[in-house]
Amino acid sequence: MNLGTGLAVPGYFIWTLFLLTNCEEQRIPEEKLVVVTVATTETDGFRRFLRSAKHFNYTVKVLGRGEKWRGGDYMSTPGGGQKVRLLKEALDQMETEDTIILFIDSYDVVLASGPKELLRKFHQAGHKVVFSSESLIWPDRHLEDKHPHVREGNRFLGAGGFMGYLPNIKDMVSDWTGEDHDSDQLYFTKIYINPEKRKSINITVDSKCRLFQNLHGALDEVVLKFEEGRVRARNVLYDTLPVVIHGNGPTKLQVNYLGNYIPNSWTFETGCTVCHEDLQPLTTLKESEYPLVMVGIFIQQPTPFVSVFFERLLKLKYPKNRLQLFIYNQEVHHEDQVRTFLQDHGHLYQDVKSIGSEDDMDAVSSRNLALDMCRKDKNCDYFFNLDIEVVLKNEDTLKILIEQNLPVVAPMITRPGRLWSNFWGALSADGFYARSEDYVDIVQGRRVGVWNVPYVSSVYLIKADLLRSELSDYQLFQSNTLDADMAFCHNIRNKAIFMYVTNLHTFGRILSTENYQTNHLHNDLWQIFENPADWQDRYIHENYTRIMKDKLIETPCPDVYWFPVFTDVACNHIVQEMEHFGQWSGGNNKDSRIQGGYENVPTIDIHMNQVNYEKEWHKFLLDYIAPITEKMYPGYYTKCSSPLNFVVRYKPDEQPLLVPHHDASTFTINIALNSKGVDYQGGGCRFLRYDCSIQAPRKGWALMHPGRLTHYHEGLPTTAGVRYIAVSFVDP
């Protein structure tokens, strides 16, 4: 008789159906399950736990609300007895014997699946009580040999999670007479290693992490498993998908990382599903009702583009009468910029506190003071930290952060072209930077959301209520071993307060302050290498990037191209830098600055290399002139090797004009640095062969023309004022 098909034999068919029916009958109804946890205070971790429980429709009973925690801190000494006492008291009020209790921690727990899967796996365990398991024994190593061996997996009990039938758990906790600070782990361990009690209560451990995953001692075993529309934690050692994920012991940051995804906080299909929960919209408020924010600005080292920083601060879209400013500046170099800003705009803000280098206050003390001023002002709703090197391009940043309604939240800013940012995705064992698996994807925008992270810096928003409660310690930035920002984040983490970084929007970038020299009049001009994006924002004409698309290049004379390249600020800074240097040439034919020592057509000028600007100017030519050249002269490519780059000054009583001549170049760049009719009269350039003149050069615009043979030209007389042009003779 062939039983392989089964269905061909009537008796076999009935037997198979009976087994299937019997399995269905033994499924534990979900309504029999009650999740019990202890939470004396509502922490960020507790709210995360409840969110995951709600997602799967668990019934949760919370014990100890409002009660003072006396169960220890777990990290340094055993504790947790208070949980057993509270559980014992709660169980005394329960009578339904087929109730199944899931007793778990909540501050550092995330649920990854629902009651149906949990109950199925519990039933398959074949015991009345199932404890989570660990590979490490705690708190008494001497009890190791007394633990029963298992066929595969972890053999040690973990008290942070267990489930079982109500009568069995009642029996298990009935003998508890300990103090709140006594060890729950030790209590349950002694029951488990007692063969008689283990058998009578019918206890086992979830050795292969099918129900519970304790992370301590198992970090290398656990990875994220992305499924369609949901995320699980997978134990790769045992190839299991645990339901309860517990960041026990020193693994709080790891469960925070997992909690960014599990169970569905972020998936590849949906992106971030929790980013728009619990928002605090400002749109319904009048501006006079906006939260009061203290903005802490800290200048601790010479920094480029400080004046631009204050310009952006003014553009921040937030009522200035709802902002207070705290400005700390320990750099003499920036005193004028701070003073000018406060003189011109300080009256716009509700209040201003300024501390300068003369006040003899160190950076750590200034940060502690700033937070304390917000802490003590009952009207202060938020503290917004804004270090001077932050380039805040998004004018809505402050509104966006407030509306996120998070305890501590930072807008993600990065350094262009690098993986550097203002947050860390993970910490090393000694508390320094470590790269999380998702760090690069977050920084590069392949994963967008709001992320729980262990460290933020430079720019972040913190709720003032926290400063008056959990973070009431004055010395939040103080440490004998850590930098101020690391000490601050360390203290926040120790209070179990979550820090977030958001990349839901593009917010800006952070400046490099390396190699910033302060020995020039306008030091920002030299930042084209260190901070090219900021250099471009400051000095390149706003229409430059539209030159080709919008056909902004004009042709005033044959083969002469005219296009915008510099901002007014760039022109002013170059002129002022040259006048500050002051060593103008005499306009003679003899010129020791050039090869051969003789100039056929001399001008009164200063060469770029005289002010140590040759490398920066060459970079400017490569980045902004060469691309135009290659478009306008097809097939011609240049590395912008230029023997001469200089600024020329024309004055009626000095050198008003330049006689007709050819330039010693393949092509010439001539950039007007000031305005006709405002700074001077007359001037311009005439190409004799074509009898074509440009008599009103536009400030910041470049003339580009061939230098040799065809474009014989002259500089027209300047009749009043002073005219400045920047000139480059460019060869391949």
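Mentor: A disulfide is a pair of cysteine sulfur atoms within 2.5 Å. Please keep in mind that this is a predicted model. A search of the whole structure finds 3 disulfides.

Trainee: What is the handedness of the disulfide of C374 and C380?

Mentor: The torsion about the S-S bond of C374 and C380 is about -85°, so this disulfide is left-handed. Its sulfurs lie 2.2 Å from each other. C374 is buried at 0% relative accessibility, and C380 likewise has 0% and counts as buried.

Trainee: Which hand does the link of C272 and C275 have?

Mentor: That link is right-handed, with 100° about the S-S bond. The S to S distance of C272 and C275 is 1.9 Å. Buried means under 20% relative accessible area, so C272, at 18%, counts as buried. C275 is buried at 2%.

Trainee: Where in the chain are the partners C557 and C692?

Mentor: C557 and C692 are joined by a disulfide with an S to S distance of 1.9 Å. The pair links distant parts of the chain, 135 residues apart: C557 belongs to strand β28 (residues 554–557), and C692 to strand β36 (residues 692–694). Both C557 and C692 are buried.

How values were computed: Residues are numbered from 1 along each chain as its sequence is written. This is a predicted model: local features need pLDDT of at least 70, side-chain atom pairs count only at pLDDT 80 or more; totals for chains, interfaces and linings use all residues. Side-chain values use heavy atoms; hydrogens and water are left out. Buried means under 20% relative accessible area, exposed over 50%, partly exposed in between (1.4 Å probe, protein chains only). Helices (H or I, at least four residues) and strands (E, at least two) are DSSP runs, numbered from the N terminus.
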